[in-house]
Amino acid sequence: VYSSPVIDVNGTVYVGSLDHKVYAIDGETGEKIWEFETGDKVYGSPAIGDNDTLYVGSGDHRVYAINTTNGQKLWEYQTGDLVSSSPALSADGNVYVGSEDGNVYALDGVTGEKIWEFVAGNRVYNSPAVSADGVVYVGTVSLGASQNARAITFEGGASGIFGTPAGMGSDVVVEGIGTNIF
């Protein structure tokens with residue numbers, strides 16, 4: 001297991017694994033409820049959305065929406081490379097995920113249709129963060145800005161950004177390689 005687990009309001013634990021699967025586990029008994037097989041390793045943590053939906057990326061270049069009740073696939077979206085980042089969800093139900101193809105994708109949480117794609121210019125290993133007003137933040141080695149994603153410009157010589165941006169009041173904080181925090 002490489003990803004961090006997430007827990008829903010009913011106490012069910014969801015976790016991705018290097019054995020190409022996502023597991024739903026009863027939080028009280030530890031018993032497996034269901035498993036869903038992707039085409040490759042699951043590095044990032046799943047995200048729990050509305051309407052009994054779990055979102056997860058995979059090394060098979062896909063983002064999956066899975067029904068949390070029965071483990072059935074609702075939809076999948078193919079990116080151009082590994083999806084090692086964890087999906088981020090906005091208040092309106094959209095799904096945002098980075099891919100190692102150098103893009104950030106905004107997907108409709110219900111249909112899986114692509115809303116937009118932001119060319120970050122380098123592999124996106126980390127997970128996007130979405131502000132209350134819908135601005136998407138993502139860190140990578142080099143980013144430009146677009147209408148739909150706000151880039152973070154880093155000073156201080158970090159050679160890469162592997163952490164997930166986090167909000168602190170009106171600031172966005174992200175850790176760089178080594179001990180740099182921006």
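Ser99 has a relative accessibility of 0% and therefore counts as buried (under 20% relative accessible area with a 1.4 Å probe, protein chains only; over 50% is exposed, and partly exposed lies in between). The model is predicted: local features need pLDDT of at least 70 and side-chain atom pairs pLDDT 80 or more, while totals for chains, interfaces and linings use all residues. Residues are numbered from 1 along each chain as its sequence is written, and side-chain values use heavy atoms, with hydrogens and water left out.

Ser99 sits in the loop between strand E10 (94-98) and E11. Strands (E, at least two residues) are DSSP runs numbered from the N terminus. The side chain of Ser99 makes a polar contact of 3.1 Å with the side chain of Thr79. A polar contact is a pair of N or O atoms within 3.5 Å; within protein, one must be able to donate a hydrogen and the other to accept it, and residues adjacent in sequence count only if both atoms are side-chain atoms. A polar side-chain atom of Ser99 also lies 3.3 Å from the backbone oxygen of Asp81. Beyond four places in sequence, the contacts of Ser99 (heavy atoms within 4.5 Å) include Leu82, Val83, Tyr105 and Arg123.

Strands pair if DSSP finds at least two bridges between them; E11 (residues 103-108) and E12 are joined antiparallel by five, with Asn103 bridged to Val119.

Elsewhere, strand E3 (residues 21-26) and strand E4 (residues 32-37) pair antiparallel over five bridges, and Ala24 stands opposite Trp34. Five residues lie between the strands of this hairpin, where Gly30 has a positive phi near 80°.

Ala24 and Trp34 are also members of the largest nonpolar core, which has eleven residues, among them Val22, Phe36 and Tyr64. Such a core is a set of buried Ala, Val, Leu, Ile, Met, Phe, Trp, Tyr and Cys residues joined through side-chain atoms within 4.5 Å. E3, E4, strand E6 (53-57) and strand E7 (62-67) each give two or more residues to this core.

The whole structure has five aromatic pairs. Rings of Phe, Tyr and Trp (its six-membered ring) pair if their centres lie within 6.5 Å; planes under 30 degrees apart are stacked, over 60 edge-to-face, the rest tilted. Phe36 and Tyr64 have ring centres 5.2 Å apart and planes at 70°, so this pair is edge-to-face. Phe36 in E4 and Tyr64 in E7 are 28 residues apart, and both are buried.

How values were computed:
Helix = DSSP H or I, 4+ residues; strand = E, 2+ residues; numbered from the N terminus.
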